Amino acid sequence: MTPAEEDRARTLTDLVDRLSPEAARKLFEEVDSSPDQSRTMVRRALIHKLNAQRQAHARRQFTQLFEPFLTSDPWLLREEFHCPGSIHPLDVGGLWSALAAKPLAPLSRSVDEILSALAQEQPLFVVLRTPKALALREELRVAAAARLSQTLQDKAATKDLLEAMNAWRRTEATRKNLGVVPRPLVLADLSLLYMLLENGGPYSRLVMGLNGNDDNGGADGAAAVLSFQAPGVPAPQASQLTLLMPLVLLNRHRAYRQMSGYLVQGPPDWQPVLLSALVRHLARTCQVLADELGALAGAGEVARRPLVVASERRELLERELVYLDDLLTLFDEFDLLRDGREASLAHSTLDTMIKKVEGALYPYLSTRVSVTAHAKGRMALDHAALAWALGYTMRWRNTLTRSLHWGTRYSDFRERLVEDLTDAYRAAFSRTEAGDSRERLGQAVRAAELSQAVGADLRESMTLLDQGLVQTATDRLRDATPMTGAEMALITTLLVKAQNELRRTKHWRDANLVNFVTLAEGRGLKG
C-alpha cells in the first residue's frame, strides 16, 4: 500500500471503531451491495468490528439451539419468582461450560476453529447462517443430547453435573453484576434442557410465531399450539413441549394479555401450572414496583433530597404498571383472586407492595408537595418530576382498586395533599409577603398543576369574592411580560367566571371585575 492508502485505511478503521454494532452491520450491508475502491478496506474493518466480541463460537452455536425459549429476565432466576418453563441464558451457559470442559471438549475446539476461520472473511452473523455453520450446530445438538441422555441415567453423574452448572451460574451472575443469587437448578431443569435438545426444533419454529398482535386474547395462538403435531416426538414429550409454549410467552415476552386463550382452550391440567406462573409474575412485578418506588422516595437515605426521576426509571415504572394492569385484568376475568393457595399468595403479594409504597412514598411525596407548593419566587427543582410522581401514584392506586376489595391509605394521603395545596393556592393571593404578581400567580399555578395530578383542579374552586385573586390576576395582566400557558389557563378560568357575573349584574357592575375583564380581553384572552 502507498502511504496515502495506508492513511486512508487508518482513517476508515478509526471511523468504523466509533460505530455501534447495529450501525456497523447496516454499513456493511450497504458496502457489500455497492462495490467501490474502498470496499475491501471498509469490509475488512467492519468484519473485525462485528466479530471483535464474538469469540466463543461453539458456545454461541449451542445457545442458539435454545434461543426461542430463553428469557433474559434476571428476576426469574430468584427462587421466589421462579416460574415453570423459565430458562435463562445462564442455565444454558452452565450446561455448555460443563459439557465443553470434558465430554465435548474436542468437538468444541473443532467448531471454534472452523467458525473462526470462516469469520475471517465474513461477519459472524453471516457465517452462522451458512450451511456449514448450521451443520456444526446440529452436530453439537446431537452430541450434547447423547451425552446428557447418558448422564441422566446415572444419579451420581447427574448430581455432579448439576453442581458444576450451579457453581458456574453463581460465578457468572456475580461477574455480570446481575444482583441476584440464581436458584439452584434441579433434575427437572436438566430434563427440560435435554427434551429441548432432543425434540425442541419443531417447537422453536412454532413459538417464534406466537408473540404477534393477537387481538383476541391469545385464542388464535392457543388454537395453533393445541393443533400442532410434531412428527416423531413421543406423546409425553409432546404434551410437555405444548404446555411450554404459553409458558415461553409468559417468561420471555410477558404476554399476559394472550393467556386468556390458553386458559380457556387448554386442557384442565394446564390451569394450575399457568396460574402458578401468573402469580409468580405478579409477585415479581409487585417487587419491582415496590423497590423502584421506594428508591424514588430515597428509602434508607438520611437527607430528604428533591425528587429525581431518571428517564430509565420512569420508563421502567410505566412499563411495570402496564404489566400490573394486564395481570390484574386477567385475574379479574377468571376470578383467580377468590380463594385457594395461589389466590392467598397473590393477595399477600399485593398487600406487601401496598404497605411498602405507603410507608416510603406517601410521606416523601407529602413533604415534597409542601415544599414545592409553598416555594416563592421560582419553581422548585423537582416540580415537574413531582407532578409526574403524583399522577403515577394515582394511576397505580386506580389500577389496584379495580381488583382489591380492602382499603388503602390513599384517600387520607390524597386529602392531606389537597388540603396543603389549597392552603398554598390561597396563600398566593392573601399573603402580602408572597411577592409580585408573577411570583404570586406562579405559586398558585404550581399548586394547581400538582392538584390536577391527583384529580383535584384547584382552579375550579376560584371565587370572585376573593379580591386578592382578582387583584393578582389584574396586576399580572398589566405586566407586559409574556404569560406562560399555565398562567393563561388560570386567568381564562377566572375570566369566564367574571364575564358570567358581569352579564348577571349588568346594572351594578363591580369596577374591579370590569377592569380585569377589559385587561384580559385586551391581552387576547377569550372566555
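**Close-up 1. The second largest cavity and its lining.** Ser86, Ile87, Asp91, Leu185, Asp189, Leu192 and Leu193 line the second largest cavity. This is a predicted model, so keep that in mind for every view here. The space inside this cavity comes to about 50 Å³. Sort its lining by class and you get four nonpolar residues, one polar and two charged. Helix 10, which runs over residues 187-199, gives the most to this lining, with three residues.

**Close-up 2. The largest cavity.** Here we turn to a cavity with about 70 Å³ of space. Its lining is made of Thr71, Asp73, Leu76, Leu77, His82, Ser86, Ile87, His88, Asp91, Arg169, Arg183 and Leu185. By class, the lining of the largest cavity splits into four nonpolar, four polar and four charged residues. In total, the model has two cavities of 30 Å³ or more.

**Close-up 3. Inside the largest nonpolar core.** This core has 146 residues, and the ones touching the most other members are Leu324, Met353, Leu390, Trp396 and Phe516. Helix 15 (residues 270-296) provides the largest share, 14 residues. Domain 2 (268-461) and domain 3 (462-526) each put at least three residues into this core. Zoom in on Met353 and set aside its neighbours within four places in sequence: Met353 is then in contact with Cys286, Leu289, Ala290, Leu324, Trp396 and Leu400.

**Close-up 4. How the domains are laid out.** The chain is divided into domain 1 (3-52), domain 2 (268-461) and domain 3 (462-526). Taken over C-alpha atoms, the centres of domain 1 and domain 3 are 66 Å apart.

**Close-up 5. Two residues with positive phi, Asn177 and Asp335.** Neither residue is a glycine, yet phi is near 55° for Asn177 and about 55° for Asp335. Asn177 is found in the loop between helix 9 (155-175) and helix 10. Asp335 has its own loop, between helix 16 (311-333) and helix 17 (341-373). Asn177 counts as exposed because its relative accessible area is 67%, over the 50% mark. Asp335, at 39%, sits between the 20% and 50% marks, so it is partly exposed.

**Close-up 6. Glu80 in its loop.** Look for Glu80 in the loop between helix 4 (57-64) and helix 5 (89-101). Glu80 has 41% relative accessibility, and that is why it counts as partly exposed. Now find Tyr262: Glu80 and Tyr262 are 182 residues apart in sequence, and their C-alpha atoms are 24 Å apart in space.

**Close-up 7. Asp423 on helix 19.** Asp423 belongs to helix 19, which covers residues 410-430. With a relative accessible area of 36%, Asp423 is partly exposed. Ala444 is 21 residues away from Asp423 along the chain, and 9.9 Å separate the C-alpha atoms of the two.

How values were computed. Residues numbered from 1 in each chain as written. Predicted model: local features only at pLDDT ≥ 70, side-chain atom pairs only at ≥ 80, totals over all residues. Heavy atoms only, no water. 1 Å grid on protein atoms, 1.4 Å probe; cavity = no way out; pocket = protein on both sides within 12 Å on 5 of 7 lines; lining within 4 Å. Points joined across faces, edges and corners; volume = space filled by probe spheres on them. Nonpolar A, V, L, I, M, F, W, Y, C, P; charged D, E, K, R; others polar. Helix = DSSP H or I, 4+ residues; strand = E, 2+ residues; numbered from the N terminus. Core = buried A, V, L, I, M, F, W, Y, C linked by side-chain atoms within 4.5 Å. Buried < 20%, exposed > 50% of the residue type's maximum accessible area, 1.4 Å probe, protein only. Domains from an automatic or database assignment. Contact = heavy atoms within 4.5 Å.
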